[in-house]
Amino acid sequence: ITTHPRTIREQLLFKSGDPVNPRIIYESARRLHAIRYLRESTITPENCSDHSVDVSVQVKDAWTLKLDLQFAHVGGQNTLQFEVTDANIFGTGKSLSVGHTSDLQRTSNLINYQDPALFGSYWQLATTYEDLSDGHIKYLSIGQPFYEDQTPWSVQTSFYDQEENINFYNQGALAWSAPSTLQQHYVSWAHLIDWSGEASGMRAGVLYK
């Protein structure tokens, strides 16, 4: 599905009616070049008159649907891994992955969702849920990065929760098992302290983990 124009506008750092700022335009071009669901992107001034500039933003979509299928048979044991990912689901710029893995130790079903422009803003969301035969993995991250050079601040918070068994096998039979639990919390905040001209600046922040 072709990327929606609204999806591209969400990645631009300027909108119609803003004063022309070449640095912001270059930063917007850099953001577009970093998007993996775009094969090509250009920002071009088409007309300059009456103290206004008409700008054309053109992009070419890349193929974003990826299928990963792996199968192995070693020592009488089968391992199967299947995952399908669309990095530009329905042309919205969001990413969705679903997968299944099965081996001697456990089976798991995975779903992963990433939103680089939450509700059309510069906030970003990433979340994962993996249902394991012996537990689960949950991950949630939300934050606003330094989306351009002079962004005044950034904030990021994440939560990770994992429950599973550590298993040891002897000739294919389970010999010993121990439950394993891991929880991590992460919060960071940073601020732009100084911007010296067009080439360099300084940022500082704090991190709690």
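The chain of this predicted model has two helices and 11 strands, where helices (H or I, at least four residues) and strands (E, at least two) are DSSP runs numbered from the N terminus. Along the sequence, their pattern reads α-α-β-β-β-β-β-β-β-β-β-β-β. The radius of gyration, taken over C-alpha atoms, is 23 Å, well over the 17 Å that the globule rule (2.2 Å times the number of residues to the power 0.38) gives for 209 residues, so the chain is more spread out than a compact globule. Its C-alpha trace spans about 80 × 40 × 25 Å along the principal axes.

Nine strands form an open antiparallel sheet in the order β3-β4-β5-β6-β7-β8-β9-β10-β11; two strands pair if DSSP finds at least two bridges between them. At the edges lie β3 (65–74) and β11 (200–208), each of which pairs on one side only. Within the sheet, strand β9 (residues 153–170) is joined to strand β10 (residues 173–196) by 18 bridges. Phenylalanine 159 has histidine 185, in β10, as its bridge partner.

Strand β2 (residues 52–61) contains serine 56. Serine 56 is buried (under 20% relative accessible area, with a 1.4 Å probe and protein chains only), its value being 12%. Leaving aside residues up to four places away in sequence, serine 56 touches Thr42, Ile43, Thr44 and Glu46, contact meaning heavy atoms within 4.5 Å.

Residues are numbered from 1 along each chain as its sequence is written, and side-chain values use heavy atoms, without hydrogens and water. Local features need pLDDT of at least 70 and side-chain atom pairs count only at pLDDT 80 or more, whereas totals for chains, interfaces and linings use all residues.

How values were computed:
Buried means under 20% relative accessible area, exposed over 50%, partly exposed in between (1.4 Å probe, protein chains only).
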